[in-house]
Structures are given as C-alpha cells and as structure tokens.
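User: Could you walk me through this structure with me asking things as they come up?

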Amino acid sequence: MKSAKIFVLFILLPIATVEMQFFDFINVFFDKDVLRPFDAKEFKEDLRKSLYGQHIALETIHKSVSWFMKDPNPSKPLVLSLHGPTGVGKTHVTKIIARNIYEMGEKSKHVHKFIASYHFPNKAHAEMYEPQLKQWIIGNVSSFPHSMFIFDEMESMNPHLIDTIKAFLDYVSDVDGVSFHNAIFIFLSNAGQNVINNITLDFWREGKDREEIQMYSKEMETKISQDIFNDGKSGFWHSCLLDHHLVDHFIPFLPLEERHVRQCVLDEMTNMNIAVDHNLVNKALREIPFFPPDEKIFSVKGCKTVKRKLQLNI
C-alpha cells in the first residue's frame with residue numbers, strides 16, 4: 001500500500017522533479033554510510049573499554065559529543081583540541097567517536113582526516129592549499145552537514161591554513177550559503193605535552209591518585225592554551241584561532257603508566273590472535289622506554305610501539 005502511494009505521488013509531479021526525487025529516495029534508502037542512532041550510554045561504555053588512563057578525556061569528550069549530538073540546533077560546530085604526548089590515545093579516540101556517530105565508523109566518507117606533514121608538506125605553498133581546503137570543507141558539509149574533520153599535527157600546520165579553517169568554526173549563520181553548525185572539527189597536537197607531563201608527574205610525586213587530576217587541576221587547561229599561545233614555532237600561535245576563542249575544549253591526554261601500556265599489549269595480542277602469555281607481555285614491556293630516567297613511571301611513546309615490540313618477542 002505504501003509503495004502505491006509513493007507511485008501516485010511520483011506521477012503527479014513534473015518529470016524532472018520525479019526523476020530527482022526518485023534517485024534521492026533510492027540513495028537515502030540504500031546508502032549505508034549514514035549517521036547511526038546516537039546512544040550516549042553506549043558511547044561512554046565504548047570510551048571506558050577502549051581508552052586507557054585518560055579519565056579527563058573520557059569525561060570531557062563523552063559529555064561534549066553527547067550534548068552536541070542531541071542538540072537539534074547547535075549554535076556553532078563542535079571544536080575539540082586534543083593535546084598530549086605521542087601514543088596516548090588522541091588518534092584512537094577519534095576512531096571511537098566516529099564509530100559511535102557513523103554507520104561505517106572511521107571508514108565513513110564523511111570522516112575527513114588531514115595530516116599536516118602529508119597533505120600540506122610545503123609551507124611555502126599555503127596559498128595553493130588554502131582554496132583547495134576551503135572548497136573541500138564547504139563541498140562536504142553542503143552535501144552532509146554532520147561531517148567530521150580531523151586535523152593532525154596542528155603544531156606544524158601553516159597558520160594561514162588554520163585561519164582558513166577558522167572561518168568555519170565561528171557562530172556565523174553560514175559561509176558561502178552553507179551552515180557548519182552540525183559539523184565536528186577535531187585538532188590533534190603534541191603541543192602542551194610538557195605542561196601535561198609535568199602536572200601528572202607532580203601528582204605522582206605528591207602521592208596523589210592519577211584520577212584526582214582534573215581539567216582545572218593546577219590550571220591545566222589554561223596552561224595548555226598559554227603554552228600553545230607562547231610557542232613562537234607553532235602554527236597555532238601565529239593563527240587567529242586562539243584569539244577568537246573558537247576551541248570549545250583543550251583536552252589533555254596524560255602520559256601512560258606501565259599498567260595502561262600492559263592493557264595495550266593484551267589488546268594487541270588479541271588483535272594478532274596470540275594466546276594470552278604474561279611472560280610475553282613482560283618481555284614486550286621491558287623493551288618499552290619509560291621516564292623520568294630514575295623513576296621510570298611513564299611510557300615515552302605511550303602504546304605506539306607495542307605491536308613492534310610484540311613482533312620482536314614472538
């Protein structure tokens with residue numbers, strides 16, 4: 001009965017309109033690369049199971065993404081800036097976000113990732129990259145308003161390119177007739193890692209639990225933004241992004257302790273179809289460098305080299 005109603009509707013429309021609406025209907029009906037029903041509880045559980053040692057990032061990302069996804073009329077795009085040393089989960093958490101928003105997860109055509117050193121290798125060619133980047137963002141958001149854009153190595157990106165992105169992050173109603181209020185922008189950077197590492201180490205030396213560290217602890221979020229702002233070599237510093245306060249949250253990712261890296265090793269063993277072998281886990285951990293030199297509390301590279309260390313010891 002429903003199909004009959006659709007057919008009647010089509011024959012009453014002009015031919016050109018019928019053709020356009022028919023193919024729109026077919027695309028929507030068969031396209032699997034769409035938004036999935038967002039479930040805040042499932043999202044939090046996924047973060048809890050998949051992200052190790054990052055209680056601040058877990059809570060902040062869960063709340064900010066959940067509120068944004070259930071807001072029918074956001075006043076601006078969601079803009080998150082993730083900071084911390086290498087291998088601590090910044091890239092990994094973008095995959096968790098993507099798989100909770102899109103049916104095809106990180107492989108969705110609506111998830112766009114840019115790596116400064118790869119996509120914009122020559123800073124002298126910024127004038128060539130700018131219009132390409134602008135058109136790419138506008139084109140994708142105009143066709144799918146809930147697009148996600150991930151920019152890695154933000155500290156190395158040409159400030160002119162960052163200023164190009166800035167135009168899409170503001171409270172303006174639209175840019176070139178396109179609204180960006182439903183889009184998500186995520187910046188990844190090692191900038192601010194010294195601030196984060198020092199505060200985490202201070203808590204450990206003071207005998208405090210890691211979980212006591214909060215965004216406001218020792219003014220961490222403020223110090224991260226100040227550290228970025230005062231870094232004359234950073235693209236962030238030279239851009240107007242910070243001046244206009246368009247980043248919703250500067251989120252710290254803490255350095256990982258051995259217990260967190262151990263969890264990464266066990267996960268990687270599962271991914272590699274290796275039976276749990278704690279002797280093998282210990283061998284891999286012994287080859288991973290930790291700092292400071294005397295205490296050896298935090299992994300120098302987080303979980304980044306876990307797979308390679310396992311392969312050497314199998």
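Predicted model: local features only at pLDDT ≥ 70, side-chain atom pairs only at ≥ 80, totals over all residues.

User: OK, how do α4 and α5 pack?

Analyst: Helix α4, residues 55–69, and helix α5, residues 90–101, pack with their axes 12 Å apart and at an angle of about 30°. Angles under 35 degrees count as roughly parallel, and that makes α4 roughly parallel to α5. The crossing in which α4 passes α5 is right-handed.

User: Which residues meet there?

Analyst: From α4 the residues are I61, V65 and M69, and they meet V93, I97 and I101 in α5. By class, this contact of α4 with α5 has six nonpolar residues, with no polar and no charged ones.

User: And α9 with α10, parallel or antiparallel?

Analyst: The axes of α9 (residues 193–205) and α10 (residues 220–229) cross at roughly 150° and come within 8 Å. Angles over 145 degrees count as roughly antiparallel, and the two helices α9 and α10 are therefore roughly antiparallel to each other. Their crossing is right-handed.

User: What makes that contact?

Analyst: On the α9 side V195, I196 and I199 take part, and on the α10 side M220, K223, I224 and D227. By class, the contact of α9 with α10 has five nonpolar and two charged residues, and no polar ones.

User: Switching topic, how much space is in the largest pocket?

Analyst: About 850 Å³ of space lies in the largest pocket. The lining is formed by 27 residues, of which G87, G89, T91, H92 and K304 are the closest to the centre of the pocket.

User: Which elements give two or more residues to the lining?

Analyst: Those elements are α5, β4 (184–189), α12 (258–271) and α14 (306–313).

User: What's the lining like by class?

Analyst: By class, the lining of the largest pocket has ten charged, nine polar and eight nonpolar residues.

User: What about phi at E153?

Analyst: E153 is not a glycine, although its phi is positive, at about 60°. Most residues other than glycine have a negative phi. E153 has its place in the loop between β3 (148–152) and α8 (159–166).

Key:
Residues numbered from 1 in each chain as written. Heavy atoms only, no water. Axes fitted to C-alpha atoms, helices over the stretch in contact; angles between N-to-C directions. Helix = DSSP H or I, 4+ residues; strand = E, 2+ residues; numbered from the N terminus. Parallel < 35°, antiparallel > 145°, perpendicular 65-115°, else oblique. Left-handed = near helix turned anticlockwise from the far one by under 90°. Contact = heavy atoms within 4.5 Å. Nonpolar A, V, L, I, M, F, W, Y, C, P; charged D, E, K, R; others polar. 1 Å grid on protein atoms, 1.4 Å probe; cavity = no way out; pocket = protein on both sides within 12 Å on 5 of 7 lines; lining within 4 Å. Points joined across faces, edges and corners; volume = space filled by probe spheres on them.
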